[in-house]
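Me: I would like to learn how to read cavities and ring contacts in a model. Can we go through one together?

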Amino acid sequence: MHQPSLPHLADQDPELAGLVEAEARRQFEKIRLIASENYVSPAVLEATGSVLTNKYSEGYAGRRYYEGQQNIDPIELLAVERARTLFGVEHANVQPYSGSPANLAVYMAFLRPGDTVMGLSLPMGGHLTHGWSVSATGKWFNPVRYEVRADTGRVDLDEVRDLALKERPKLIWCGGTAIPRMIDFAGFAEIAREAGAVLAADIAHIAGLVAGGAHPSPAGHADVISTTTHKTLRGPRGAMVMSTAEHASAVDKAVFPGLQGGPHNHTTAAIAVALKEAARPDFSAYAHRIVANAKALAEALLERGFDLISGGTDNHLILIDLTNKGVPGKPAAQALDRAGIELNHNAVPFDPRKPFDPSGLRVGTAAITTRGLEPGQMPRVAAWIDDIVRATARGEDETAGEERRVAAEIRELLAAHPMPGWAPAP
Ligand SMILES: *Cc1c(COP(=O)(O)O)cnc(C)c1O
């Protein structure tokens, strides 16, 4: 049953309610290894489903365009204060609708169309919004891209410095979507200072690790920090832009009225709830366990002959190059999904294959950590991945039976690990 329960939905729209129930069961029964996903708490779900969705409140607390903000203002101020305290920043804007609009606000605040922006190339682990060609950020600005080294799979700050001093970008992004290693915010800040650029840290993936003390913080190094709230941070789908006091007004103006209309107050409230949860000691334990699980899983995969980009992980994320296994990423990901292991195919650095059918798999341990899985259980997860990848390499007739066996074993394991927000009928 869904928690909070959905009796009105079941009564008035059984078709939709059935789909929600099916999705909840799917999330319950699968080992969810998509690095950007998680399970939020019932408190976050309740705030997201509240009457706050009924209210318009363009502007900021004390400076709104519509009346009736007696309760919305304190809700947004709570979220802002909790963000400032948790991340140790001078300013926080909690209104961006999601991570991509938050990053657009960073452009709006600091750049003019045509200005040069530097970011990690998408196939090397960067994000679309860091100036990739199909994104507005790559079309409307002049993007230059740094890469990872072929021999180490890691960003080399000497290469970043050389490129920054040659191209003189106005803004430099650090962070990304498929980076298995620690980001050296202090090193990036030094380069940005030398090059006269604004440093933007996009911590969408690692915000929960930063909040829980399991990854260094960009606060004090980056001029501006953007993050989603729904990945390791374990809040609702939303985003924040944080900055020094100096840039507060530029950031706020960029979000509203620069890019957005009314903020999503139900999301703002749920962000406030998630930030309160993230300030508790048990969240720090969760953040450190995410990393311990990722390291244990990486170790077990290496023992089984998997080729990991950069040779391992410092955070929640593992990037696997399947080339030596004789299977591309997409068929492997599809077979794993049928076997109860949900992850995504992903480009690897210098991938010879096409983006929609790349060589790699991306794995993250945030969601399984929320389910209570421990490092001691990771060798079993690695064995399941290995069994399915091997079966897929051997060919079609081999796979169906193997997928059924693994899916059943996983259902049995996960039945003992409660899921926030849903439980099977007793
Ligand atoms: C997920 C992500 C985003 C975008 O977030 P959306 O909410 O999907 O728009 C931006 N930057 C990075 C690094 C991300 O990982």
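Me: How do the residues of the lining of the second largest cavity divide into nonpolar, polar and charged?

Reply: Four are nonpolar, five polar and none charged. Ala, Val, Leu, Ile, Met, Phe, Trp, Tyr, Cys and Pro count as nonpolar, Asp, Glu, Lys and Arg as charged, and the others, Gly among them, as polar. This is a predicted model: local features need pLDDT of at least 70, side-chain atom pairs 80 or more, while totals for chains, interfaces and linings use all residues. Numbering runs from 1 along each chain as its sequence is written, and side-chain values use heavy atoms, without hydrogens and water.

Me: Which residues line the second largest cavity?

Reply: Val94, Gln95, Pro96, Tyr97, Gly238, His264, Thr267, Thr268 and Ile271. Lining residues have an atom within 4 Å of a point; a cavity is a set of points on a 1 Å grid, over the protein atoms alone, where a 1.4 Å probe fits but cannot get out.

Me: Where does the largest cavity lie?

Reply: Domain 1 (46-278) and domain 2 (287-414) both contribute to its lining, so the largest cavity lies between them. The domain bounds come from an automatic or database assignment.

Me: What is the geometry of the Tyr107 and Trp173 pair?

Reply: Rings of Phe, Tyr and Trp (its six-membered ring) pair if their centres lie within 6.5 Å; planes under 30 degrees apart are stacked, over 60 edge-to-face, the rest tilted. The structure holds seven such pairs. For Tyr107 and Trp173 the centres are 5.9 Å apart and the planes at 45°, so the pair is tilted. Tyr107, Phe141 and Trp173 form one aromatic cluster.

Note on methods:
On a 1 Å grid over the protein atoms alone, a cavity is a set of points where a 1.4 Å probe fits but cannot get out, and a pocket is an open set with protein on both sides within 12 Å along at least five of seven lines; lining residues have an atom within 4 Å of a point.
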